[in-house]
Amino acid sequence: MEKEKHILITGVAGFIGSNLLDYLIDETNWKITGIDNLSTGNLQNIQHHLQNNRFSFENKSCKDLLSLKPYSVIFHLAALPRIQPSFNSINEHLNANLIQATHLLELMIKEQHYPRLIYSGSSAAYGTPTQIPTPETERIDCLSPYAFQKYEFEKYLELIATRYPIDFVTLRYFNPYGNRSFNPKNSFNAYSSVVGIFLNKREKGEVLLVTGDGSQKRDFVHVLDLAKANYLSAIHPVKLNTMFNVGFGETLSILELAKLISPNNIKFIDKREGEADITFADTTKIKKILNWKPGKSIKTYIKENA
Ligand SMILES: NC(=O)c1ccc[n+]([C@@H]2O[C@H](COP(=O)([O-])OP(=O)(O)OC[C@H]3O[C@@H](n4cnc5c(N)ncnc54)[C@H](O)[C@@H]3O)[C@@H](O)[C@H]2O)c1
């Protein structure tokens with residue numbers, strides 16, 4: 001067990017935040033505060049921890065945080081992580097994805113207290129990559145306001161670190177799936193993880209809608225592998241101030257995925273703009289520096305959930 005820390009998770013009631021909470025409750029003895037404004041999150045995701053005296057929940061936005069002094073690590077997950085809606089309500093997404101995050105930097109500077117900030121970034125920053133698999137050195141090609149906003153905060157971290165002793169790690173997630181990726185109360189569900197959507201459709205006996213010809217490939221990574229990457233970033237003994245890809249390191253096309261889940265109930269619909277043709281992580285860096293490796297593959301997960 002690690003030394004006791006007090007850590008903060010923003011966006012704790014979301015898909016990845018609630019899985020990170022599960023992971024940290026199981027794997028550490030840390031005291032955990034979680035905040036969430038419940039804009040897309042769901043209290044049910046963290047219900048099972050609300051009585052745990054190591055965990056406290058506050059229903060608030062990042063911008064309502066007045067001090068970061070109690071914390072030695074901040075896992076920043078709060079965001080509106082939806083590609084298509086970010087084209088329409090630009091400012092709402094800009095606020096959630098960037099302004100709320102820069103508030104954390106301002107607090108650090110004001111208090112001269114620099115807890116390690118582990119930022120949930122996105123592989124959306126690579127757009128349609130030129131290198132397959134894609135290393136962290138790939139050029140940036142944001143295809144949506146969401147991708148740009150997520151990437152912009154990465155740049156803020158780098159810029160502010162030239163002047164202040166910021167300690168950060170950016171984790172560029174590829175395509176997460178797992179428990180709670182589909183939230184029935186979330187009106188943005190049409191844009192959430194395709195794995196969760198397809199499994200939900202199969203459960204209801206509904207047709208799986210495949211966009212375009214389904215040849216677009218994704219690197220699906222299990223949410224508990226993301227949680228582990230967050231944990232390893234938090235306990236790394238030295239300041240890193242860098243970014244890591246977090247993907248499984250293999251791809252599956254959307255059509256292959258649909259066939260694995262519900263082979264006889266598939267319909268093709270129009271391709272959506274702003275989405276990459278392929279995501280495929282080169283994970284050499286995170287394996288080498290954080291000693292991270294992924295667990296189960298998407299195919300195993302689907303077999304287990306058949
Ligand atoms: N799910 C993915 O496919 C994916 C891929 C790459 C990166 N990410 C990143 O991972 C993080 C978590 O994503 P997720 O899939 O769990 O999404 P989610 O929508 O399930 O969780 C985000 C949580 O943040 C909360 N939130 C939003 N704005 C807030 C604010 N201002 N203050 C406090 N809470 C706020 C929401 O209520 C929600 O509970 C995000 O930063 C996202 O950009 C997700």
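## Packing of helix H1

In this predicted model, the buried residues of helix H1 pack against strands S1 (6–10), S2, S4, S5 and S7 (175–177), and also against helix H6. The buried set consists of Phe-15, Ile-16, Gly-17, Ser-18, Asn-19, Leu-20, Leu-21 and Leu-24.

H1 comprises 13 residues and spans 19 Å from its first C-alpha to its last, close to the 18 Å expected at 1.5 Å a residue.

In total, 29 residues surround the ligand, and the closest are Gly-11, Gly-14, Gly-41, Ala-79 and Pro-81. Two or more residues of this shell come from each of helix H1 (15–27), strand S2 (31–36), helix H3 (90–111) and strand S5 (116–122).

Sorted by class, the residues of the shell are 14 nonpolar, 13 polar and two charged.

## The sheet

Seven strands make up an open sheet with parallel pairing, arranged in the order S3-S2-S1-S4-S5-S6-S11. Its edges are strand S3 (55–59) and strand S11 (242–246), each of which pairs on one side only. From one strand to the next, the twist averages 20°.

Within this sheet, S5 and strand S6 (residues 168–173) run parallel and are joined by six bridges. Ser-120 stands opposite Leu-171 of S6.

## Helices on the sheet

Helix H4 (residues 145–161) lies across S5, S6 and S11, and runs at about 150° to S5. Helix H6 (residues 223–235) likewise packs on the sheet, where it touches strand S4 (73–76), S5, S6 and S11. The direction of H6 makes about 165° with that of S6. As noted for H1, H6 is also among the elements against which the buried residues of H1 pack.

## The setting of Val-210

Val-210 belongs to strand S8 (residues 208–211). Is this residue buried or exposed? Val-210 counts as buried because it has 22 C-beta neighbours inside 10 Å, and the threshold for that class is 20 or more.

Apart from neighbours within four places in sequence, the residues in contact with Val-210 are Ile-254, Leu-255, Ala-258, Ile-266 and Phe-268. Asn-88, by comparison, lies 122 residues from Val-210 in sequence, and the two are 23 Å apart in space, C-alpha to C-alpha.

Methods:
Residues numbered from 1 in each chain as written. Predicted model: local features only at pLDDT ≥ 70, side-chain atom pairs only at ≥ 80, totals over all residues. Near = placed C-beta within 6 Å. Helix = DSSP H or I, 4+ residues; strand = E, 2+ residues; numbered from the N terminus. Nonpolar A, V, L, I, M, F, W, Y, C, P; charged D, E, K, R; others polar. Pairing = 2+ DSSP bridges. Axes fitted to C-alpha atoms, helices over the stretch in contact; angles between N-to-C directions. Contact = placed C-beta atoms within 7 Å. Expected span 1.5 Å × (residues − 1). Buried ≥ 20, exposed ≤ 12 C-beta atoms within 10 Å, placed from the backbone.
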